[in-house]
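Visitor: Hello! I would like to take a close look at one part of this structure, and I would be glad of a guide.

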Amino acid sequence: MLSLLAASVLSIGTLVAQIHATHDHRYTFLLWNLFLAWVPLIAAAFAFASARRGARALAGVLVAVWLLFFPNAPYVLTDFIHLHGNGPSPLWYDGLMLSSFAWTALMLGFASLYLIHAIIGERAGAAVGWVVVVCVLGLASFGVYLGRFARFNSWDVVTRPHLVLSVIRQEIDSPLHDPKLVVALLVLTASLLVGYLVLYAFATLRLEPAELTPSTSTTRG
């Protein structure tokens, strides 16, 4: 949590410096997107704690909240669409700033997925846990597509559920009518899965310190 908080502070710092130097507020939306990326981690942390206490009903509700907001984390990756070279700040700086926000949001999402993965794996087994991970990343990719191209957000599931379901039904019924959907789902799901596998490998890595070889002592006669 502290490392992710530090990464968030650094990201916000790059934005504050950019606004202070250029008085340009075009990237302030990154603050809201970063906040939304924190929501799934907070929900997953409480779900993990509830599951450990045996409060399964509460954990289930929190997992549902997590699933609803989880696409907001990888969604920040698509914010590079706003990157262009006609702004008041150097292109390399804007790219670095967007990379900081995107990387932080992605790590927030992966950390939350790791906690949910642990809950599912403990309850249903390792195989089911990985199946859930793949399905969640696929759903998240579809959620990113709906957010970027159909311009929906997580709140629309509650405020405009009929419209969201109508669009989802249309996309599922004829997914090949829009090549962007197929390409976006395949590329983003594969990228997220590989990224999570890397994080999972490091998270489960156990490094044991090498045994110290005792130094030979010399005796004096």
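Predicted model: local features only at pLDDT ≥ 70, side-chain atom pairs only at ≥ 80, totals over all residues.

In which helix is Ser-8 found?

Guide: Ser-8 is found in helix α1, which covers residues 2-22. With a relative accessible area of 4%, Ser-8 is buried, because buried means under 20%. Setting aside the neighbours within four places in sequence, Ser-8 is in contact with Leu-34, Trp-38 and Thr-104.

Let us follow them. Helix α2 runs through residues 29-53, and helix α5 through residues 91-124. Their axes are 9 Å apart, and the two helices pack at an angle of about 15 degrees. That makes α2 roughly parallel to α5, because angles under 35 degrees count that way. The crossing of α2 and α5 is left-handed. Sorted by class, the contact of α2 with α5 has 21 nonpolar, two polar and one charged residues.

Helix α2 has another partner to show you. The axes of α2 and helix α3, residues 56-69, come within 8 Å and cross at roughly 160 degrees. Since angles over 145 degrees count as roughly antiparallel, α2 is roughly antiparallel to α3. This crossing is left-handed. Among the residues that make the contact are Leu-36, Val-39 and Phe-46 of α2, together with Leu-62, Trp-66 and Phe-69 of α3. By class, the contact of α2 with α3 has 15 nonpolar, one polar and one charged residues.

A pair of aromatic rings is described by the distance of the centres and the angle of the planes. A search of the whole structure finds nine aromatic pairs. One of them joins Tyr-114 and Tyr-200: their centres are 5.8 Å apart, with 55 degrees between the planes, and the pair is tilted. Tyr-114 sits in α5 and Tyr-200 in helix α9, residues 179-203, so this pair links distant parts of the chain, 86 residues apart. Tyr-114 is partly exposed, with a relative accessible area of 27%, and Tyr-200 is partly exposed too, at 25%. Ring pairs also gather Phe-110, Tyr-114, Trp-130, Tyr-196 and Tyr-200 into a cluster.

Helix α9 holds Leu-181 as well. Leu-181 counts as buried, at 2% relative accessibility. Between Leu-181 and Ser-141 there are 9.6 Å in space, C-alpha to C-alpha, although the two are 40 residues apart in sequence.

Finally, step back to the whole protein. The protein has nine helices and zero strands. Of its 221 residues, 37% count as buried, and Ser-8, where we began, is buried. Among contacts between residues at least 6 apart in sequence, 76% join residues at least 24 apart.

Conventions
Residues numbered from 1 in each chain as written. Heavy atoms only, no water. Axes fitted to C-alpha atoms, helices over the stretch in contact; angles between N-to-C directions. Helix = DSSP H or I, 4+ residues; strand = E, 2+ residues; numbered from the N terminus. Parallel < 35°, antiparallel > 145°, perpendicular 65-115°, else oblique. Left-handed = near helix turned anticlockwise from the far one by under 90°. Contact = heavy atoms within 4.5 Å. Nonpolar A, V, L, I, M, F, W, Y, C, P; charged D, E, K, R; others polar. Phe/Tyr/Trp six-rings, centres within 6.5 Å; stacked < 30°, edge-to-face > 60°. Buried < 20%, exposed > 50% of the residue type's maximum accessible area, 1.4 Å probe, protein only.
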